[in-house]
Amino acid sequence: MEKRIHLEKRGRKPADIKDLVLDNCRSTLIAGLTDEFVALEVLSLINVGLTSLKGFPKLPNLKKLELSDNRISGGLNLLHQSPQINHLNLSGNKIKDIDTIQPLKEFKNLKYLDLFNNEVTNVDNYKEKIFSLLPNLRYLDGFDKDDYEVEDTDDDEVNGNEDGDGEVNEEDSEDVSDEEEDGYLKGLAAVYQNNLEDESDEEDYVGEEEEEEGEEEEEEVDDYDYNIFELEQGKEQEAASQVRGKKRKHEDGESGN
């Protein structure tokens, strides 16, 4: 995770970074993410392999946190130093009961919560219990209390792009030089090189197996066609022999007469 964070910084100071995407960087714990990221508003840690939120830093401006497809089963109280969170995605984790959700009562700004594909969704009256526990919550698993799906017009708000006056702020784009961009891309490519090579080798191996199977099937078909051809040729020769035999008998008969 630390190497990935270094790459994503692209030479910027942690205090200047507002969005940080660390998806698929494989780590069971938070590592390399520090309190220096004071301006961070969006953090994505999808499919990292996290089993715990221990070490989660103080991120006072964090609004959107993506933690889907990990192995988190509890410890949501460790997010308490990021009180501005209004969008929290915990889908595809190991949360089993309502009690595990209790720490989220402290997040007064939480509007969007996703717990899809967690065992807790199988609890009786799950939806009613969550909305009762979190009265400020507007959307649970993408739907509101009346089962209306989240509207596109609300995406900016739950993503942390709406200010107190209800106006959507346009974030200033950060200029990145071509040299920095090239360096970042090369570094990111190196991080995934081994995985990509493994996948490529596997595909080549499977492709060779399929090609060999195809050749074997083609040979079997060719052998079958050849055998049929020989059988038909044999029948034709046999029929021709019978015709010649009959013709000889007929000629011999005429000669005898």
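## Exercises on a predicted model

Ser-82 sits in the loop that runs between β3 (64–66) and β4 (87–89). The structure is a predicted model.

**Exercise 1.** Decide whether Ser-82 is buried or exposed, and find which residues it contacts beyond four places in sequence.

*Solution.* 
- Step 1: Take the relative accessibility of Ser-82, which is 0%.
- Step 2: Apply the cut-off: buried means under 20%. Ser-82 is therefore buried.
- Step 3: Leave out neighbours within four places in sequence. The contacts of Ser-82 are then Phe-56, Pro-57, Leu-59, Leu-62 and Phe-107.

**Exercise 2.** Work out the strand order of the open sheet and which strands stand at its edges.

*Solution.* 
- Step 1: The sheet has 6 strands, in the order β1-β2-β3-β4-β5-β6, and the pairing is parallel.
- Step 2: The edges are β1 (19–21) and β6 (139–140). Each has a single partner strand, so one side of each lacks a neighbour in the sheet.
- Step 3: Look at one pair. β1 and β2 run parallel and are joined by 3 bridges. Val-21 faces Ser-44 in β2.

**Exercise 3.** Find which residues touch the most other members of the largest nonpolar core, and which helix gives the most to it.

*Solution.* 
- Step 1: The largest nonpolar core holds 42 residues. Leu-43, Leu-88, Ile-101, Leu-113, Leu-115 and Ile-130 touch the most other members.
- Step 2: Helix α2 (residues 126–133) gives the most to this core, with 4 residues.
- Step 3: Follow Leu-43. Beyond four places in sequence, its contacts include Leu-20, Leu-22, Leu-33, Phe-56, Leu-59 and Leu-62. Lys-64 and Glu-66 are also among them.
- Step 4: In soluble globular proteins, nonpolar side chains tend to be buried together.

**Exercise 4.** Find where pLDDT stays under 50.

*Solution.* 
- Step 1: Start with the whole protein. The average pLDDT is 79, and 59% of the residues score at least 70.
- Step 2: pLDDT stays under 50 over residues 153–174. The model has 31 contacts beyond four places in sequence for this stretch.
- Step 3: Where pLDDT is low, predicted coordinates should not be read in detail.

Notes: Residues are numbered from 1 along each chain as its sequence is written. This is a predicted model: local features need pLDDT of at least 70, side-chain atom pairs count only at pLDDT 80 or more; totals for chains, interfaces and linings use all residues. Side-chain values use heavy atoms; hydrogens and water are left out. Helices (H or I, at least four residues) and strands (E, at least two) are DSSP runs, numbered from the N terminus. Buried means under 20% relative accessible area, exposed over 50%, partly exposed in between (1.4 Å probe, protein chains only). Contact means heavy atoms within 4.5 Å. A nonpolar core is a set of buried Ala, Val, Leu, Ile, Met, Phe, Trp, Tyr and Cys residues joined through side-chain atoms within 4.5 Å. pLDDT is the predictor's confidence in each residue, from 0 to 100. Two strands pair if DSSP finds at least two bridges between them.
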